[in-house]
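Please open the model in your viewer and keep the sequence panel beside it. The tour below goes from selection to selection, with a short note on what to look for at each stop.

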Amino acid sequence: MEVCEGKLRFTVLKARHLKYKSLDKSIDTYVKSAFDGTQNQKEKLQKKRSRVAKNNSSPTYDELFIFDSDFHNKTIFLCVATKERFGRRAVLGEAQNKSSKFGF
């Protein structure tokens with residue numbers, strides 16, 4: 001994770017041993033991230049999404065996410081989800097952290 005020139009940059013590398021419903025079935029997954037870099041309540045969360053990793057329970061994403069904003073005292077959200085038929089999704093895991101935990 002890196003902050004420079006008003007931008008937050010981080011890379012999502014990989015996930016391991018993801019499981020959903022069936023232990024034998026490979027799954028299609030992606031990573032969603034959101035950044036609460038808003039200055040007021042009228043602005044929305046900045047959101048990014050990785051490509052879908054198909055048929056892989058230990059996918060490698062290696063994708064760079066860049067958010068425009070001051071990172072001081074803001075929150076970043078990460079979510080790993082499955083892509084299912086008919087546009088449905090299921091969350092496999094999620095996390096959120098305040099920037100103060102990273103020393104920014």
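Two strands count as paired here if DSSP finds at least two bridges between them, and the strands themselves (E, at least two residues), like helices (H or I, at least four residues), are DSSP runs numbered from the N terminus. This is a predicted model, in which local features need pLDDT of at least 70 and side-chain atom pairs count only at pLDDT 80 or more, while totals for chains, interfaces and linings use all residues. Residues are numbered from 1 along each chain as its sequence is written, and side-chain values use heavy atoms, with hydrogens and water left out.

Of its 104 residues, 32% count as buried (under 20% relative accessible area, with exposed meaning over 50% and partly exposed in between, for a 1.4 Å probe and protein chains only).

Next, select the open sheet of four strands, whose order is E4-E3-E6-E7 with antiparallel pairing. Strand E4 (46-49) and E7 stand at the edges with a single partner strand each, so one side of each is left without a neighbour in the sheet. From one strand to the next, the twist averages 15 degrees (axes are lines fitted to C-alpha atoms, and angles run from 0 to 180 degrees between N-to-C directions).

Now keep E6 in view and look to both of its partners: eight bridges join E3 to E6, and nine bridges join E6 to E7. Which residue in E6 is the bridge partner of Ser33? Select Leu78, which is that partner, and then move to Phe77 in E6, which has Ala34 standing opposite and Gln96 as its bridge partner in E7.

Finish at Arg88, in the loop between E6 and strand E7 (89-98). Is Arg88 buried or exposed? Arg88 counts as exposed because its relative accessibility is 61%. Leaving aside residues up to four places away in sequence, Arg88 touches Thr82 and Lys83, where contact means heavy atoms within 4.5 Å.
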